Amino acid sequence: STNAYEYVMTHLRLAQGFSLLDYERKFGCSFISGRESLLSNLEKSGYLKCSDGRISLTEKGFYVSNTVISELI
């Protein structure tokens, strides 16, 4: 079974990213909780987008995906 680390790592490498609801169902906790300012900063910097209940990397974020993902997990 996939752990939260593997889930985030593999799903953020996909263009569609991942569903926050799916994450919460799988792991029993909110992905956003405790990461609000980090997510906000990554979004303002243009590396990440949070919309329609999904989190995904932008084109700019894909170029530095390992760095972004390691900050998130």
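The protein's secondary structure amounts to five helices and three strands, taken as DSSP runs (H or I of at least four residues for helices, E of at least two for strands) numbered from the N terminus. Keep in mind that this is a predicted model, where local features need pLDDT of at least 70, side-chain atom pairs count only at pLDDT 80 or more, and totals for chains, interfaces and linings use all residues. Residues are numbered from 1 along each chain as its sequence is written, and side-chain values use heavy atoms, with hydrogens and water left out.

Reading from the N terminus, the order is α-β-α-α-β-β-α-α. For 73 residues, a compact globule would have a radius of gyration near 11 Å, and the protein's 11 Å agrees with that. That radius is taken over C-alpha atoms, and the globule rule is 2.2 Å times the number of residues to the power 0.38.

| Share | Value |
|---|---|
| Residues 24 or more positions apart, among contacts (heavy atoms within 4.5 Å) with a separation of 6 or more | 45% |

Now for Arg 35, which sits in the loop between α2 (20-27) and α3 (36-44). Arg 35 is buried yet has no salt bridge, and the nearest side chain of opposite charge, Glu 36, is 8.8 Å away. A salt bridge here would need a side-chain nitrogen of Lys or Arg within 4 Å of a carboxyl oxygen of Asp or Glu. Setting aside neighbours within four places in sequence, Arg 35 touches Tyr 23, Ser 30 and Leu 72.

Notes. Buried < 20%, exposed > 50% of the residue type's maximum accessible area, 1.4 Å probe, protein only. Lys, Arg positive; Asp, Glu negative; His and termini not counted.
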